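Thanks for coming, everyone. Please take a moment with the sequence and the model before we start.

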Amino acid sequence: MNISAVITGDLIDSQSVQDTHAYIAQLQAQLQELAGIYEFKAEQYRGDGFQITLNAPERAFECAVVLRAGLIANSPEGERFDARIAIGIGAAPSVNHYGEAFVLSGRGLDAMKKTTLGIFSHAQQLLDRTELPTEFVANIIESWTRVEAETYFLHATQQSSQKDLAKTLGKSRVTVHKALQRANAELIDRYIERTRVWVQELQDA
């Protein structure tokens with residue numbers, strides 16, 4: 001099955017921070033940084049809204065988690081940058097780019113009330129597998145501190161050892177290890193690995 005994945009999101013409490021323009025600029029910086037890693041095209045709209053179309057649908061969950069980690073990591077002192085994200089996965093469009101995944105993702109974000117990370121698809125087996133763990137992951141991300149988010153962001157994007165992460169961050173290896181533990185990095189990694197497999201299975205069906 002030829003499928004596509006679209007991420008639609010908006011910044012959380014963008015009008016209540018001290019500098020809304022800095023918040024939106026940070027979103028733009030994160031999108032530019034991650035576009036090369038996750039191979040996506042991104043559009044910003046309404047100032048604090050954005051939409052991402054991924055070339056590799058199986059990386060959608062990872063991209064969503066890492067984007068949020070990057071935003072939280074770059075929050076100003078005393079404030080929190082973060083985003084609500086809806087992941088839409090559906091049949092790839094044959095002609096125009098307004099396919100099933102776009103509709104699912106956009107409507108999904110509008111329907112999200114209490115959670116900050118959601119999956120929307122007509123593939124029931126994918127939903128059965130991903131909805132509950134995605135809620136747990138959303139809960140974990142919401143509890144991240146800036147330090148935990150920064151450590152996880154580098155862990156995910158650099159794919160380097162804790163020793164190398166410690167050098168990058170200018171901290172001890174023990175400090176990095178504890179930050180990754182508090183961030184539940186191992187569980188998040190397992191979640192990302194499983195979602196990648198599940199989406200790939202949907203593609204191969």
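Which strands does helix α2 lie across? Helix α2, residues 60-73, lies across β1, β2, β3, β4 and β5. Its direction runs at about 165° to β4. Keep in mind that this is a predicted model.

Now the sheet itself. It is an open sheet of five strands. The order is β2-β3-β1-β4-β5, and the pairing is mixed. Strands β2 (40-45) and β5 (117-121) are the edges, and each pairs on one side only. Neighbouring strands are turned by 15° against each other on average, direction ignored.

Helix α1, residues 20-38, also packs on this sheet. Helix α1 touches β1 (3-11), β2 and β3 (49-54). Its direction makes about 165° with that of β2.

Let's look at one strand pair. Strand β4 covers residues 83-91. Five bridges join β4 to β5, and the two run parallel. For one example, find Gly-88: its bridge partner in β5 is Phe-120.

Last topic: a pocket. What volume does the second largest pocket have? About 180 Å³. Which helices each supply at least two residues of its lining? They are α6 (162-169), α7 (173-182) and α8 (185-204). By class, the lining has three nonpolar, seven polar and two charged residues. Among the lining residues are His-155, Ser-160, Gln-162, Leu-165, His-177, Asn-184, Glu-186 and Asp-189.

That's my tour. Over to you.

Key:
Residues numbered from 1 in each chain as written. Predicted model: local features only at pLDDT ≥ 70, side-chain atom pairs only at ≥ 80, totals over all residues. Heavy atoms only, no water. 1 Å grid on protein atoms, 1.4 Å probe; cavity = no way out; pocket = protein on both sides within 12 Å on 5 of 7 lines; lining within 4 Å. Points joined across faces, edges and corners; volume = space filled by probe spheres on them. Helix = DSSP H or I, 4+ residues; strand = E, 2+ residues; numbered from the N terminus. Nonpolar A, V, L, I, M, F, W, Y, C, P; charged D, E, K, R; others polar. Pairing = 2+ DSSP bridges. Axes fitted to C-alpha atoms, helices over the stretch in contact; angles between N-to-C directions. Contact = heavy atoms within 4.5 Å.
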